Amino acid sequence: MKTIRGGSVVTALFATTLLVSSKAYAQDYAIGADVSFLGQAEQQGIVFKDGDKAKPGLQILKDHGYNWIRLRLFHTPTSLPNNLPYTLALARQAKGLGFKFLLDLHYADDWADPGKQPIPQAWVGKAHPDLVKAVFEYTRDAIAAFRDAGALPDMVQIGNEITNGMLWPDGKLPAHWDQFAELVYAGINGVDAGRGNGPRPKVMIHIDRGADAKGTKVFLDKLNSYEIPYDLIGQSYYPWWHGSLNDLRKNLQFMAAEYKKDIIVVEAAYNWKPGNYVDRAAPFPESPEGQRVFLDELNRVVMETPDGRGKGVFWWEPAVQGPLTIRGLFDDQHRALPAITVFDRFSLK
């Protein structure tokens with residue numbers, strides 16, 4: 001296993017889219033959705049509809065050009081469904097429909113994000129070397145389980161929105177970069193160990209600085225000083241938190257030029273009824289049509305990334321229930337909203 005000491009490694013397509021066929025586009029570009037709540041919703045009896053027709057949620061997405069799913073995995077969740085058996089079942093279902101699969105490893109029992117990166121209860125109290133070993137073994141075993149189920153991920157996130165580190169306090173940033181880098185390395189090594197003879201999943205580093213070029217540079221420059229081998233940059237982009245589409249465009253341009261890596265906006269959403277812009281001006285109406293225009297414009301910005309480095313957009317989450325239903329792609333009667341049609345023109349029909 002690769003280790004880090006003292007900050008050094010010890011062991012070592014919119015401008016041209018109209019000229020490209022929809023087939024080439026679909027093969028090269030991720031039209032994705034995080035469907036981590038979809039299985040739970042359908043298990044609870046929710047029936048999704050496309051127009052007047054009831055269909056499985058994944059089929060509706062497939063019918064509208066979606067070609068990737070994203071699923072989060074918690075270590076030992078107590079209040080949410082996203083454990084290994086649940087996630088395996090969803091992954092197998094999606095693979096059976098021809099979707100590619102991005103696995104989002106949270107390395108936590110519950111939500112991990114920039115404001116909280118809790119260590120799984122099973123790992124609490126472990127010294128750093130033991131925590132590194134736990135990350136490696138857990139990742140290896142999880143990837144092996146997907147492999148054995150015929151649902152090997154095509155891409156894996158090592159952590160979720162890890163701008164401030166992961167597995168706090170051991171890997172909390174900016175105080176513990178060396179420890180954090182070793183934890184990330186352990187996860188990457190676990191992906192390789194778990195895949196066996198299967199194709200190597202691409203590795204994504206996921207942060208929450210979609211419209212923040214300065215913050216992106218601070219994080220990625222430091223990460224890259226450890227020579228960590230990853231394939232793609234994942235960014236979250238929610239306009240009410242992160243800024244304008246113009247700021248996102250500038251950051252995509254910066255990342256493409258500076259890091260020469262492919263980039264995916266791996267989390268994005270907009271409300272179809274008022275929620276985040278009740279008392280301030282909104283960049284788009286918080287309405288079904290405003291949500292559709294937002295996704296269309298977001299996709300256009302990503303596709304315009306220089307050198308073809310913009311490789312996709314993932315919606316978070318189409319089938320979410322409760323108060324966040326207003327960010328989903330289905331209305332309160334579980335009917336598909338207009339935003340779900342944005343990629344119809346790219347689908348292979």
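Are Tyr270 and Phe284 buried or exposed? Both Tyr270 and Phe284 are buried, where buried means under 20% relative accessible area, exposed over 50%, and partly exposed in between, with a 1.4 Å probe and protein chains only. I will come back to that pair.

Some ground rules before that. This is a predicted model, in which local features need pLDDT of at least 70 and side-chain atom pairs count only at pLDDT 80 or more, while totals for chains, interfaces and linings use all residues. Residues are numbered from 1 along each chain as its sequence is written, and side-chain values use heavy atoms, with hydrogens and water left out.

Aromatic rings next. The structure holds 24 aromatic pairs. Rings of Phe, Tyr and Trp (for Trp, its six-membered ring) pair if their centres lie within 6.5 Å; planes under 30 degrees apart count as stacked, over 60 as edge-to-face, and the rest as tilted. Tyr237 and Phe294 make a stacked pair, with 6.4 Å centre to centre and 20 degrees between the planes. This pair links distant parts of the chain, as Tyr237 is in strand β12 (residues 232-237) and Phe294 in helix α11 (residues 288-303), 57 residues apart. Helices (H or I, at least four residues) and strands (E, at least two) are DSSP runs, numbered from the N terminus. Tyr237 is buried, at a relative accessible area of 1%, and Phe294 is buried at 0%.

Back to Tyr270 and Phe284. Their ring centres are 5.9 Å apart and their planes are at 90 degrees, so the pair is edge-to-face. Both residues lie in the loop between β13 (262-268) and α11, 14 residues apart.

The charged end of Lys62 is over the ring of Phe99, 5.1 Å from its centre. Arg72 lies over the face of Phe37, 4.3 Å from the ring centre.

Now the helices. Helix α8 (residues 213-224) packs against helix α10 (residues 245-259) at about 25 degrees, with the axes 10 Å apart. Axes are lines fitted to C-alpha atoms, for helices over the stretch in contact, and angles run from 0 to 180 degrees between N-to-C directions. The two helices are therefore roughly parallel, a term for angles under 35 degrees. The contact (heavy atoms within 4.5 Å) includes Leu220 of α8 and Phe254 of α10.

What about α10 and α11, and how do their axes cross? The axes of α10 and α11 come within 9 Å and cross at roughly 20 degrees, so α10 and α11 are also roughly parallel to each other. Among the residues in contact are Leu248 and Leu252 of α10, with Leu298 and Val301 of α11.

Arg200 is in the loop between α7 (177-194) and β11 (202-207) and is partly exposed at 34% relative accessible area. Leaving aside neighbours within four places in sequence, Arg200 is in contact with Ile188, Asp192, Arg195, Pro229 and Asp231.

Met155 is in strand β8 (residues 155-158) and counts as buried at 4% relative accessibility. With the neighbours within four places in sequence left aside, the contacts of Met155 include Trp68, Phe101, Leu232 and Ile264.

Technical notes:
Lys NZ or Arg CZ within 6 Å of the ring centre and 35° of its normal. Parallel < 35°, antiparallel > 145°, perpendicular 65-115°, else oblique.
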